[in-house]
Amino acid sequence: MTDRTAVRTGLLTVDGATLHHEVRGEGPLLVMMPGGSADAGIYDAIAADLADRWTVATFDPRGYSRSALDGPVTDQSPATHADDIVRLIDLLSPDGAPAALFGSSSSAVVALTALARHPARLSRVVAHEPPVVALLPDPEAGRVLFAAVREAFRRDGVAAAMATMAAGLVPEEGASSGPEDQAPTPTPTPEQAATFRRMHANLPVFLEHVLCPFSGYVPDLVVLKAAAARLVVGVGRDSRALLPAVAAEGLARRVGAGVAEFPGGHIGLTEDPRAFAARLREVLLAT
């Protein structure tokens, strides 16, 4: 019997980069995009849980970890990343069958862009808390926040930038469950430790070249409304008062997409991967 959790790795040449990708399981294709500074390793536990029902593809975004750019890193574009996804789908679904797509945080922005640009290649899209400032009640405040995070990085480094972002994501009246309220995570395995080291090494690229361009994305609401039957907007049970979830629910209202609550907060997929995977399974299989 084939071990459906066994990982098959490969490299895909795209315009300006070579993408490291990992595939598990059998069945319809499900592409899971890492957000923030994460890479394919962030989905190891979730992908293993879902490999009984789907061919689960994860990858390192261009310029991160094992996905090398052909030249120096520059500001990244959600459209370019969305086109990368379609190239990966074309590789792994050569018969033209559409794929399901999951993205969280900055990669949820890519998910929205992919749905707008390539709707025929996608059967279902789950966009978990895309931090799109254009969808906030006060978009300018969101733009100012993320610009301040980038400036803190340029001036004082990664730690200062992350502290600025953590403080800014909480509304002025406070929230009951921000990142600072969550329980300590268990001691990581060696594989998890390696993933965390890669993610930390990716933070300068994220803070300088991804955060502002992606949060500044202005979605095509007309196109997304036409595709809303295939779109589910995810929000964390413990983060609904925070900026990314507020933006996500604003998107759902404007385009008529469904909203699904997921366990945990903005990074719920790392807080309890098994519960998150179970909820994602329900959302993907819902009719």
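# A cluster of rings in a predicted model

Ring pairs join Tyr43, Phe102, Phe262 and Phe276 into a cluster. Welcome to this structure, which is a predicted model. Its protein chain has ten helices and eight strands.

**The chain as a whole**

- The protein chain has 287 residues and a radius of gyration of 18 Å, which agrees with the value near 19 Å that a compact globule of this length would have.
- Taken along the principal axes, a box of roughly 55 × 40 × 40 Å holds the C-alpha atoms of the protein chain.
- Of the 287 residues in the protein chain, 52% are buried.
- Among contacts in the protein chain with a separation of 6 or more, 74% are between residues 24 or more positions apart.

**The aromatic rings**

- How many aromatic pairs are there? The count comes to three.
- One of them is Tyr43 with Phe102, an edge-to-face pair with 6.1 Å from centre to centre and 80° between the planes.
- This pair links distant parts of the chain: Tyr43 sits in the loop between β3 (29–33) and α1 (44–50), while Phe102 belongs to strand β5 (residues 99–104), 59 residues apart.
- Tyr43 and Phe102 are both buried.
- Phe102 also pairs with Phe276: the ring centres are 5.8 Å apart and the planes stand at 75°, so this pair is edge-to-face.
- Here too, distant parts of the chain are linked, with Phe102 in strand β5 and Phe276 in helix α10 (residues 273–285), 174 residues apart.
- Phe276 is buried, as is Phe102.

**A look at Thr58**

- Where does Thr58 lie? Thr58 is part of strand β4 (residues 55–59).
- Is Thr58 buried or exposed? Thr58 has a relative accessible area of 0%, so Thr58 counts as buried, for which the cut-off is under 20%.
- Leaving aside residues up to four places away in sequence, Thr58 touches His20, His21, Glu22, Arg24, Met32, Ala40, Tyr43 and Ala47.
- Tyr43, one of the residues that Thr58 touches, is also a member of the ring cluster.

Terms used. Residues numbered from 1 in each chain as written. Predicted model: local features only at pLDDT ≥ 70, side-chain atom pairs only at ≥ 80, totals over all residues. Heavy atoms only, no water. Helix = DSSP H or I, 4+ residues; strand = E, 2+ residues; numbered from the N terminus. Rg over C-alpha atoms; globule rule 2.2 N^0.38 Å. Buried < 20%, exposed > 50% of the residue type's maximum accessible area, 1.4 Å probe, protein only. Contact = heavy atoms within 4.5 Å. Phe/Tyr/Trp six-rings, centres within 6.5 Å; stacked < 30°, edge-to-face > 60°.
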